[in-house]
Amino acid sequence: TQESLTQLVTYTQAGDWNALEDLLFWAHTPVSFLCKKILKDENTANAQTQEILYMISQKIRTLKDSSLFQKWVVRLTIAKCMQVLPDTRWKEDVLEEKELPIAGETLDQPRTVDAVAQMVDMLPEKPRVCITLLCCGDLHSNDIAKATGYSVDEVHKYMAEAQTFVV
């Protein structure tokens, strides 16, 4: 819960090593997920996850409001991944026409979520990153523009491309 997470941050900032371990254990899942979604390269994402978790352990004392820990982790992860993203472009596969194995099927909610996730993963880099930051990072257009270096108009354009593809 948010309350127990806030308490863990407070204990960690006070020097409790067990709380830090629990906090890093909690942070691993959202950090790893975002790294994999943004970077798409498993090895690079795993390396970034470890680096970000280390950064969290080193910088946790600088967080002034422990209730903002989740947002802080997301923003830190996004910032680090956006720094690394240009270096991973050469690894990204050329976008090819792929067909999802769901044609003609009636989808229940879990299969629909999985299909949408697969469609997002198939997007070209810029629309994929923008839609990921919107949905997983809970960022608004202005924040996405700041994080990516795109203009707000470009962010809107990439979101529209993503929406057209996914819908």
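Visitor: Does threonine 6 count as buried or exposed?
Guide: This is a predicted model, in which local features need pLDDT of at least 70, side-chain atom pairs count only at pLDDT 80 or more, and totals for chains, interfaces and linings use all residues. Residues are numbered from 1 along each chain as its sequence is written, and side-chain values use heavy atoms, with hydrogens and water left out. Buried means under 20% relative accessible area, exposed over 50% and partly exposed in between (1.4 Å probe, protein chains only). Threonine 6 has 18% relative accessibility and therefore counts as buried.

Visitor: Which residues does threonine 6 touch, not counting residues up to four places away in sequence?
Guide: Threonine 6 lies in helix α1 (residues 2–13). Helices (H or I, at least four residues) and strands (E, at least two) are DSSP runs, numbered from the N terminus. Contact means heavy atoms within 4.5 Å. With residues up to four places away in sequence not counted, threonine 6 touches Ser66 and Ser67.

Visitor: What does serine 66 touch, not counting residues up to four places away in sequence?
Guide: Serine 66 has its place in the loop between α3 and α4. At 12% relative accessibility, serine 66 counts as buried. Not counting residues up to four places away in sequence, serine 66 touches Thr6, Val9, Thr10 and Gln13.

Visitor: At what angle do α1 and α2 pack?
Guide: Two packed helices are described by the angle between their axes and the distance between the axes. Axes are lines fitted to C-alpha atoms, for helices over the stretch in contact, and angles run from 0 to 180 degrees between N-to-C directions. The axes of α1 and α2 are 8 Å apart, and the two helices pack at an angle of about 135°.

Visitor: What does that angle make α1 relative to α2?
Guide: Angles under 35 degrees count as roughly parallel, over 145 as roughly antiparallel, 65 to 115 as roughly perpendicular and the rest as oblique. The relation of α1 to α2 is therefore oblique.

Visitor: Is the crossing of α1 and α2 left-handed or right-handed?
Guide: A crossing is left-handed if the near helix is turned anticlockwise from the far one by less than a right angle, and right-handed if clockwise. The crossing in which α1 passes α2 is left-handed.

Visitor: How many nonpolar residues has the contact of α1 with α2?
Guide: The contact is made by Leu5, Leu8, Val9, Tyr11 and Thr12 of α1 and Ala19, Leu20, Asp22, Leu23 and Trp26 of α2. Ala, Val, Leu, Ile, Met, Phe, Trp, Tyr, Cys and Pro count as nonpolar, Asp, Glu, Lys and Arg as charged, and the others, Gly among them, as polar. By class, the contact of α1 with α2 has one polar and one charged residue, and its count of nonpolar residues is eight.

Visitor: How many aromatic pairs are there?
Guide: Rings of Phe, Tyr and Trp (its six-membered ring) pair if their centres lie within 6.5 Å; planes under 30 degrees apart count as stacked, over 60 as edge-to-face and the rest as tilted. By this rule, the count of aromatic pairs is three.

Visitor: How far apart in sequence are the parts tied together by the pair of tryptophan 26 and phenylalanine 69?
Guide: Tryptophan 26 and phenylalanine 69 form a tilted aromatic pair, 5.7 Å centre to centre with 50° between the planes. Tryptophan 26 lies in helix α2 (residues 17–39) and phenylalanine 69 in helix α4 (residues 69–88), so the separation in sequence of the parts that the pair ties together is 43 residues.

Visitor: Which residues form one aromatic cluster?
Guide: Tryptophan 26 counts as partly exposed at 30% relative accessibility, whereas phenylalanine 69 counts as buried at 1%. Phenylalanine 69 and tryptophan 72 also form a tilted aromatic pair, with 6.0 Å centre to centre and 45° between the planes. Those two residues are three apart in helix α4, so about one helical turn separates them. The one aromatic cluster is formed by Trp26, Phe69 and Trp72.

Visitor: Which residues is methionine 55 in contact with, leaving aside its neighbours within four places in sequence?
Guide: Methionine 55 lies in helix α3 (residues 42–59) and, at 15% relative accessibility, counts as buried. Leaving aside its neighbours within four places in sequence, methionine 55 is in contact with Leu76 and Lys80.

Visitor: How many helices are there in the protein chain?
Guide: From the N terminus on, the elements of the protein chain run α-α-α-α-α-α-α-α. The chain has zero strands, and its number of helices is eight.
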